[in-house]
Amino acid sequence: MSQDAHENTDTTTHSTDSASAGSGSPTPVSTRLRQNQQQTQSCSSETASKGEQSKATDSESTDELQCPECATDEYLVIDEEETYCGECGLVLVRDILDRRLRWVDTGDGREPERGGAPTTHRLHHKGLPTEIGYNIDGYDRPLSRQTKRRFRRLRKWDSRSKTGSSRDRSLRLGLGEIARLISALELSGSIHDRVADLYREVCEKEMLAGNSIEGMASACVYAACRLERLPRTLKEIGEVARVDTKEINQDYKCLNQDLELATPPPLPQDYIPRLASAVDASPRLERRAYQLSRSNAVGVLANGRQPNGVAAACLYHASKESRRSNVRLTQRTLAEEGYTTPTTLRKLWRELKALADDGKLPDPDGDPDYFS
């Protein structure tokens with residue numbers, strides 16, 4: 001009797017535990033697993049529905065784009081940087097910004113390559129310090145008069161702190177003069193970087209002693225143009241510089257001797273593209289003048305002569321060879337744009353004409369690949 005009563009008591013206790021579990025006690029493990037699976041399935045279904053909605057939105061936005069030339073979206077090609085028509089090549093959307101975060105491997109691991117704007121040698125502080133604003137704050141709200149006066153004083157002391165030594169002041173003034181010359185001569189960014197590196201090397205070797213900052217900056221511009229095979233005459237640089245041509249020539253000789261620059265000699269063909277663009281010559285005349293300047297006979301003729309004068313004479317001879325009535329280039333116009341004199345151009349053209357009569361110049365109707 002006692003054993004049966006004990007078994008009944010255990011059964012009653014088990015049924016009571018199960019009832020209490022259903023009424024608010026901790027949920028069994030199997031029940032919790034079943035609930036987690038249901039929640040995972042619901043989340044995955046929601047994610048799939050969102051992905052389908054985003055794909056539908058993207059497809060709708062893509063369908064809205066049509067090529068205005070072909071009037072269809074059948075040939076649209078969507079690249080990482082641009083969206084263009086594969087039939088006619090028209091670019092519809094373009095995004096050339098590189099938004100990727102670049103990493104560099106260091107001894108401590110991978111770190112971001114840079115933060116913010118990249119450094120540049122065109123500025124004396126390389127673009128590292130910050131700049132103080134003028135009339136508005138960070139929220140585009142106008143500043144009061146008292147705040148403007150305070151920031152004016154801060155800008156003044158900030159400018160003085162950036163150039164604490166005479167060497168820094170010379171570097172700042174020289175790079176500012178170089179930026180003005182580059183803008184006046186309409187030179188490219190690669191030339192600007194080369195000039196800035198040359199002037200920094202001049203400051204490091206203390207070559208400014210006894211020379212003016214403006215003269216040395218102009219000499220660096222002339223030397224960089226020679227090194228990059230984009231020749232500019234001393235007279236052309238002297239027109240926009242704050243010193244005369246004689247001082248630029250003296251500083252260039254000092255620069256070339258102390259830095260041991262591997263400056264190539266200027267050739268007549270280097271002046272042809274700029275001269276043809278200045279006088280608005282046709283591409284055919286430019287190609288013919290380039291062919292003449294590269295011939296062996298003209299190379300012998302240019303020995304000891306001004307290359308810009310030889311280039312102007314080649315372009316003038318090409319215009320005389322042309323039988324088109326609308327092509328007319330005067331000697332005075334070519335001499336002014338080529339920074340030479342009409343007398344020099346006329347003398348060189350007569351020698352070119354004599355070479356043409358002797359058959360020493362290349363045939364203008366020859367292989368176009370030779371002078372293209």
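# Helices and strands

Colleague: Which hand, left-handed or right-handed, does the crossing of H6 and H8 have?

Modeller: This is a predicted model, in which local features need pLDDT of at least 70 and side-chain atom pairs count only at pLDDT 80 or more, while totals for chains, interfaces and linings use all residues. Residues are numbered from 1 along each chain as its sequence is written, and side-chain values use heavy atoms, with hydrogens and water left out. A crossing is left-handed if the near helix is turned anticlockwise from the far one by less than a right angle, and right-handed if clockwise; the crossing of H6 and H8 is right-handed.

Colleague: How are H6 and H8 oriented relative to each other?

Modeller: Axes are lines fitted to C-alpha atoms, for helices over the stretch in contact, and angles run from 0 to 180 degrees between N-to-C directions. Helix H6 (residues 213-227) and helix H8 (residues 245-259) have axes 8 Å apart and pack at an angle of about 65°. Because angles under 35 degrees count as roughly parallel, over 145 as roughly antiparallel, 65 to 115 as roughly perpendicular and the rest as oblique, H6 is to H8 roughly perpendicular.

Colleague: Which residues of H8 make the contact with H6?

Modeller: Contact here means heavy atoms within 4.5 Å. On the H6 side it is made by Gly215, Met216, Ser218, Ala219, Cys220, Tyr222, Ala223 and Arg226. Facing them from H8 are Glu247, Ile248, Asp251, Tyr252 and Leu255.

Colleague: At what angle do the axes of H4 and H6 cross?

Modeller: The axes of helix H4 (residues 166-185) and H6 come within 9 Å and cross at roughly 50°. That angle makes H4 oblique to H6, and H4 passes H6 in a right-handed crossing. The contact involves several residues, including Leu173 and Leu181 of H4 and Ala217 and Val221 of H6, at a crossing angle of roughly 50°.

Colleague: How are H4 and H5 oriented relative to each other?

Modeller: H4 passes helix H5 (residues 189-204) in a right-handed crossing, and residues meeting there include Leu171, Leu175 and Ile182 in H4 and Val195, Tyr199 and Cys203 in H5. The axes are 10 Å apart, and the packing angle is about 155°. The two helices are therefore roughly antiparallel.

Colleague: What is the order of the strands in the open sheet of 3 strands?

Modeller: Two strands pair if DSSP finds at least two bridges between them. Strand E1 (residues 76-78) pairs with E2 in the antiparallel sense over 3 bridges, and E2 pairs with strand E3 (residues 91-94), likewise antiparallel over 3 bridges. The open sheet has antiparallel pairing and the order E1-E2-E3.

Colleague: Which strands are the edge strands of that sheet?

Modeller: The sheet has the order E1-E2-E3. An edge strand here pairs on one side only, and that holds for E1 and E3. The twist averages 10° from one strand to the next, and the edge strands are E1 and E3.

Colleague: Which residue in the hairpin of E2 and E3 takes a positive phi?

Modeller: A hairpin through 3 residues joins E1 to E2, where isoleucine 78 stands opposite threonine 83 in E2. The hairpin of E2 and E3 has 5 residues between the strands, and the residue with a positive phi near 85° is glycine 89.

Colleague: Which residues lie on the covered face of E2?

Modeller: In a regular strand the side chains alternate between the two faces of the sheet. Strand E2 (residues 82-85) has an uncovered face with Glu82 and Tyr84. Its covered face holds Thr83 and Cys85.

Colleague: What is the relative accessible area of cysteine 314?

Modeller: Cysteine 314 is found in helix H12 (residues 307-321), where helices are DSSP runs (H or I, at least four residues) and strands are runs too (E, at least two), numbered from the N terminus. Leaving aside neighbours within four places in sequence, cysteine 314 is in contact with Ala289, Leu292, Ser293, Val298 and Leu352. Buried means under 20% relative accessible area, exposed over 50% and partly exposed in between (1.4 Å probe, protein chains only). Cysteine 314 is buried because its relative accessible area is 0%.
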